[in-house]
Amino acid sequence: MPRALITGITGQDGSYLAELLLSKGYEVHGLIRRASTFNTDRIEHLYVDPHDANARLLLHYGDLSSLEQISNLIYNVQPGEVYHLGAQSHVQVSFDMPEYTGSITALGTTRLLDAIRRSGVKTRFYQASSSEMFGTAPPPQDETVPFQPQSPYAAAKLYSHWMTRNYRDGYRLFACSGILFNHESPRRGETFVTRKVTRAVARIVAGLQDKLYLGNLDAKRDWGYAPEYVEAMWSILQQERPDDFVIGTGDSHSVREFVQETFAYVGLDWERYVAFDPRYLRPNEVPDLRADPSKAKARLGWSPRVTFKELVRIMVDADMEACGLEPLGEGRRALEGKFDAWHDWEHSVSIPLKYQLRRSPAAPGSSRWLVGSGS
């Protein structure tokens, strides 16, 4: 049975990747930080008691700031594949916490790579690089475009990207980077602009919110659907030789366009509800990110299937469902026929939503999840 380790397993991408790998017969191990509160909502629906002999999802306490913990985990799990998704991943927050962002997002990658090198474990390593590394470089951006990072987050990701290449070239590790452009879903964090918008629209329709405050509406991003991007991650590690790949749709839209499309879907005039707040402006703005995914299409056979409009509808329908409203249904229909059995509306949207909304104190994140938790 193939065995994989995922850092950041409780995040958007980590939860979808866990679903995908479990559907492919993997034993999946996840790294989770010890804290007084838990954030396992996105994977609660995958729970199987670890005492069950058939359990294939196992979580371990650890932290990317600790080389000792990471080294022990690599030795004990002996993963055939490592997907490094864990990071401080919010661009705006990185301006407020640049040192922490560097320690976790940049040096965390180095700790993990060095633990693999020192352990001698034969594994394949995936680094979650980011389109933010391109910064002000003119679009379209492919693997050959020089990086011009414009935030502490982007600089930290660029450090991780180059360290991955250094360990690949210097120590012959099977180490790859996926330079992923923006990818969204109903599991996107509520402080990220796309989810902030779709959640606000659902709450406005439900009568729970009156205004939506945003910053720069002119920034353009290449937005895709996150479950497709974790399929690309897996494909990258199945290649004969390690390499780096740009993953994106090749099409960019402004924040304003995203807002317009979202409000129009539910029949509302966005200008009645959206207000400007300068606190959401970044010290350095990135005007336009748009992928050239030609290499991924040619080498991986990967192409996006969910369109920009379909992405908006999927997210709005999910947020309407979360508010107790009847979704309009176009988002659900958009998923039909696009994925194998591992991803559909019922199992990947509706059921996880029920767990997230339940939030009972004894359920998500309790010690029953964890291997060696002492209980």
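How many residues has helix 6, and how far does helix 6 reach from its first C-alpha to its last? Select residues 193–205: helix 6 has 13 residues and reaches 18 Å, close to the 18 Å expected at 1.5 Å a residue (the expected span is 1.5 Å times one less than the number of residues). Helices (H or I, at least four residues) and strands (E, at least two) are DSSP runs, numbered from the N terminus. This is a predicted model, in which local features need pLDDT of at least 70 and side-chain atom pairs count only at pLDDT 80 or more, while totals for chains, interfaces and linings use all residues. Residues are numbered from 1 along each chain as its sequence is written, and side-chain values use heavy atoms, with hydrogens and water left out.

Next, colour the buried residues of helix 6, among them Val-197, Val-201 and Ile-204. Buried means under 20% relative accessible area, exposed over 50%, and partly exposed in between (1.4 Å probe, protein chains only). Just after helix 6, Gly-207 takes a positive phi of about 80°.

Now select strand 1 (residues 3–7), where 4 of the 5 residues are buried. Strand 1 pairs with strand 2 (residues 27–32) in the parallel sense over 5 bridges; two strands pair if DSSP finds at least two bridges between them. Look for Ala-4, which stands opposite Val-28 in strand 2. On the other pairing, 4 bridges join strand 1 to strand 4 (residues 81–84), and these strands run parallel. There, Thr-7 stands opposite His-84.
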